[in-house]
Amino acid sequence: MQPPILDFDPDPGAIIEPAALAPKIDVPTTAVVTWFGEIVEDLGRDGHKVDEYVVEGASLPIHEVDIDGYPCIVAQMPVGAPAAAMVLERVIALGCTTII
């Protein structure tokens, strides 16, 4: 008997879909995420805020910036795996498909 985890599900929709919580807006498909808030703040000065994510005690902006002629999203990840995963899901829900 094959374990259920190996069953193929042809439905492309997820049970919990991050895109249902964040509107898909016209943003670059590449995102750079970092724990260094000062880097996000510095890069954000040259770009514009497209979204923000509120986690316990902090509001984390998500900026669209241009780095060496390449448009991308820059977001700060909070410390802690659960909160970082939530921000990552938000970036994906916005439309980013390549995350560095």
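Modeller: Happy to! Let's begin with Arg 90, which counts as buried because its relative accessible area is 16%; buried means under 20% relative accessible area, exposed means over 50%, and partly exposed lies in between, using a 1.4 Å probe and protein chains only. Before going further, please keep in mind that this is a predicted model, in which local features need pLDDT of at least 70 and side-chain atom pairs count only at pLDDT 80 or more, while totals for chains, interfaces and linings use all residues. Residues are numbered from 1 along each chain as its sequence is written, and side-chain values use heavy atoms, with hydrogens and water left out.

Arg 90 is found in helix H2. Helices (H or I, at least four residues) and strands (E, at least two) are DSSP runs, numbered from the N terminus. Leaving aside residues up to four places away in sequence, Arg 90 touches Leu 21, Ala 22, Asp 51, Glu 52, Tyr 53 and Ile 62; a contact here means heavy atoms within 4.5 Å.

Two of those names lead us on to a pair of strands. Asp 51 has Ile 62 as its bridge partner in S3. Strand S2 (residues 48–55) and strand S3 (residues 58–67) pair in the antiparallel sense over 7 bridges, where pairing requires that DSSP finds at least two bridges between the strands. S2 and S3 form a hairpin with 2 residues between them, and Gly 57 in the turn has a positive phi of about 80°.

Now follow Ile 62. Its contacts, again without residues up to four places away in sequence, include Ile 73, Val 74, Ala 75, Arg 90, Val 91 and Leu 94. Ile 62 also belongs to the largest nonpolar core, which has 10 residues: Ala 22, Val 27, Ala 31, Ile 62, Ile 73, Ala 75, Val 91, Ala 93, Leu 94 and Cys 96. The elements giving two or more residues to this core are strand S4 (70–76) and helix H2 (81–94), and H2 gives the most, with 3 residues. A second, separate core of 7 residues includes Val 55, Met 77, Ala 83 and Val 87. A nonpolar core is a set of buried Ala, Val, Leu, Ile, Met, Phe, Trp, Tyr and Cys residues joined through side-chain atoms within 4.5 Å.

Next comes His 63, in strand S3. At 11% relative accessibility, His 63 counts as buried. Among the residues that His 63 touches are Val 40, Gly 44, Cys 72 and Ile 73.

Cys 72 is buried, with a relative accessible area of 3%, and Cys 96 is buried, with a relative accessible area of 3%. The structure holds 0 disulfides, a disulfide being a pair of cysteine sulfur atoms within 2.5 Å.

For contrast, look at Asp 68, in the loop between S3 and S4. Asp 68 is exposed, with a relative accessible area of 81%, and has a positive phi of about 50° although it is not a glycine.

Finally, step back to the whole protein chain. There are 2 helices and 5 strands, following the pattern β-α-β-β-β-α-β along the sequence. Buried residues make up 32% of the 100 residues in the protein chain.
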